[in-house]
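The following report looks at a strand residue and its surroundings, then at ring contacts and nonpolar cores.

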Amino acid sequence: MERNNLYPIFLKTKNLKVLIVGGGYVAEEKLTFLLKSSPDANVTMVSSMFREGTIAIADTGNVNRITDNYKIDYLKGHHIVIATTDCPEINVDIYNDCRAQDKLVNVADNPPYCDFYMGGIVTKGNVKVAISTNGKSPTTAKRLRQFFEDVIPENIDDLVKNLNVYRKTIKGDFEQKVEKLNEFTKGLVEKI
């Protein structure tokens, strides 16, 4: 049986530099996804052209647009790279350049050339749920995201904040604190 072996992490993109190569529909989709989840992300976009919609979205965030063709020099200083050009050969070149420089890279719609996938995300205050289909079905991730947006209560953030306050009042060692929090929150799943 096949399984998803990806390791999920939540990145502080405010502390990282993201490069998106491309300025078309796919770049716009990736930028929208990134800024929706991380509005304080530091992004640079490089493309010979930018769609008007892409420019409008870029203008809502901390996005530097460079009108130029991809050059390996643009990788310098970036931690994460997303290749969205409409030229597969250039995207593979970007992938290879990133691998040579130990940078995380995602070549849009080409799973063998991805170190990571941009899955579905649900955010409600401090609660964030990420959904991955292992790059097999972005549409399924989208539908699951819609499901969880409906199922997770709007007041979940209040619960998280209250539990954080409660957590600070618990006495004992780490194991005792975890045991008390587990006991306190075991009914959470039943209530959702």
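Thr67 lies in strand β3 (residues 62-67), where helices (H or I, at least four residues) and strands (E, at least two) are DSSP runs numbered from the N terminus. At 60% relative accessibility, Thr67 counts as exposed; on this scale, buried means under 20% relative accessible area, exposed over 50% and partly exposed in between, with a 1.4 Å probe and protein chains only. Not counting residues up to four places away in sequence, Thr67 touches Ser47, Ser48 and Phe50, contact meaning heavy atoms within 4.5 Å. The C-alpha atoms of Thr67 and Glu52, 15 residues apart along the chain, are separated by 13 Å.

This is a predicted model, in which local features need pLDDT of at least 70 and side-chain atom pairs count only at pLDDT 80 or more, while totals for chains, interfaces and linings use all residues. Residues are numbered from 1 along each chain as its sequence is written, and side-chain values use heavy atoms, with hydrogens and water left out.

Rings of Phe, Tyr and Trp (its six-membered ring) pair if their centres lie within 6.5 Å, with planes under 30 degrees apart counted as stacked, over 60 as edge-to-face and the rest as tilted. By this rule the count comes to two aromatic pairs, given here.

| Pair | Geometry | Centre to centre | Angle between planes |
|---|---|---|---|
| Tyr95 and Tyr113 | edge-to-face | 5.0 Å | 85 degrees |
| Phe147 and Phe148 | edge-to-face | 5.2 Å | 75 degrees |

The tyrosine pair links distant parts of the chain, since Tyr95 is in helix α3 (residues 88-100) and Tyr113 in the loop between β5 (104-107) and β6 (120-124), 18 residues apart. Tyr95 is buried, at 15% relative accessibility, whereas Tyr113 is partly exposed at 27%. Phe147 is partly exposed, with a relative accessible area of 45%, and Phe148 is partly exposed, with 28%.

A nonpolar core is a set of buried Ala, Val, Leu, Ile, Met, Phe, Trp, Tyr and Cys residues joined through side-chain atoms within 4.5 Å. Of the 16 residues in the largest such core, Val18, Ile20, Leu31, Val43, Met45 and Val63 touch the most other members. β1 (17-21), α1 (25-37), β2 (42-47) and β4 (80-83) each supply at least two residues of this core, and α1 gives the most, with four residues. Apart from this core lies another, of 13 residues, among them Leu75, Ile94, Tyr95 and Val105.
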